[in-house]
Amino acid sequence: MDVVKTLQPGKNGTKRFVERYGNDLVAVRYRRDAESHISFTTVELIVERKEKPRKTFTDTITQRQYNQQTVAVRVFFREEELRLMVKQAGGIWHPKKKAWLIPYEDAIKLGLQERIIPI
C-alpha cells in the first residue's frame with residue numbers, strides 16, 4: 001500500500017475528520033493499493049495526553065552521583081582484552097573480592113552490567 005497524500009488538519013480533504021475527531025486529529029493519509037485498485041483513508045489520532053515529569057536539579061545530581069558509584073565487576077583471568085579495557089577505564093583490582101572496581105558509568109559503557117557483583 002502506497003501513501004498518495006498526507007494532509008494536516010484544516011486542509012481540504014480533512015474537514016470532515018476535523019469535525020469528527022477535533023484536536024485529537026494529527027494527520028489524514030490517503031493510501032492506494034496497486035494490486036486491488038482500492039484507495040484507503042487513514043487518520044492519525046492522539047489517544048492520550050499526560051504531562052512529562054520534569055527533571056529537577058536534585059534528580060540530575062542524584063543520577064550523576066549514582067553513575068560515579070564504584071561497583072565490582074567480575075572479569076575472568078583468561079579474558080585479557082576485557083581486562084585491559086577495564087584497566088584503561090581506571091579499574092582497580094580487589095584481590096579479596098577477585099573483581100575489578102570501576103565507576104558504574106564505565107561498567108555500563110563497557111557493556112558489563114551483567115557482570116556487576118555485590119561489594
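Which residues make up the largest nonpolar core? I started there, keeping in mind that this is a predicted model. The answer is a set of 9 residues: Val-71, Val-73, Val-75, Leu-82, Val-86, Trp-100, Ile-102, Ala-107 and Leu-112. I then looked up which elements give two or more residues to this core, and they are β4 (70-73), α3 (80-88) and β6 (99-103). A background note to myself: in soluble globular proteins, nonpolar side chains tend to be buried together.

**Entry: Val-75**

Leaving aside residues up to four places away in sequence, Val-75 touches Leu-82, Arg-83, Val-86, Trp-100 and Arg-115.

Next I traced the strands around the core. I find an open sheet of 4 strands in the order β5-β6-β4-β7, with antiparallel pairing. Which strands sit at the edges? They are β5 (92-94) and β7 (116-117), each of which pairs on one side only. I checked the β4 and β7 pair too: they run antiparallel and are joined by 2 bridges. Across from Val-73, a core residue, I see Ile-116 of β7.

**Entry: helix α3**

I went through α3 to sort its residues by exposure. Leu-82, Arg-83 and Val-86 are buried. Looking down the axis of α3, I see these buried residues within an arc of 100°, so they line one face of the helix. Glu-80, Glu-81 and Gln-88 are exposed on the other side of α3. As for what covers the buried residues, β6 is included. Just after the helix I noted Gly-90, which takes a positive phi of about 95°.

**Entry: Arg-83**

Arg-83 made me stop, as a charged residue in α3 that is on the buried list.

**Entry: salt bridges**

How many salt bridges does a search of the whole structure find? It gives 3, and I took them one at a time.

I began with Arg-49 and Asp-24, whose closest N and O atoms are 2.8 Å apart. Arg-49 is in the loop between β3 and α2 (57-68), while Asp-24 is in the loop between α1 (15-21) and β2, so this pair ties together parts that are 25 residues apart in sequence. I have Arg-49 as exposed at 54% relative accessibility, and Asp-24 as partly exposed at 29%.

Then came Glu-44 and Arg-29, with closest N and O atoms 3.0 Å apart. Here strand β3 holds Glu-44 and strand β2 holds Arg-29, so the pair ties together parts that are 15 residues apart in sequence. Both count as partly exposed: Glu-44 has a relative accessible area of 33%, and Arg-29 is at 22%.

That left Arg-115 and Glu-79, which meet at 2.7 Å, N to O. Arg-115 lies in the loop between α4 (104-109) and β7, and Glu-79 in the loop between β4 and α3, so the pair ties together parts 36 residues apart in sequence. Arg-115 is partly exposed at 25%, and Glu-79 is partly exposed at 21%.

**Entry: positive phi outside glycine**

Last, I looked at backbone angles in residues other than glycine. Phi of His-37 is positive, near 60°. His-37 sits in the loop between β2 (25-33) and β3 (38-45). Is His-37 buried or exposed? At 69% relative accessibility, His-37 is exposed.

Lys-98 has a positive phi as well, near 55°. I place Lys-98 in the loop between β5 and β6, where it is exposed, with a relative accessible area of 54%.

Note on methods
Residues are numbered from 1 along each chain as its sequence is written. This is a predicted model: local features need pLDDT of at least 70, side-chain atom pairs count only at pLDDT 80 or more; totals for chains, interfaces and linings use all residues. Side-chain values use heavy atoms; hydrogens and water are left out. A nonpolar core is a set of buried Ala, Val, Leu, Ile, Met, Phe, Trp, Tyr and Cys residues joined through side-chain atoms within 4.5 Å. Buried means under 20% relative accessible area, exposed over 50%, partly exposed in between (1.4 Å probe, protein chains only). Contact means heavy atoms within 4.5 Å. Two strands pair if DSSP finds at least two bridges between them. The arc is that of the directions from the helix axis to the C-beta atoms. A salt bridge is a side-chain nitrogen of Lys or Arg within 4 Å of a carboxyl oxygen of Asp or Glu.
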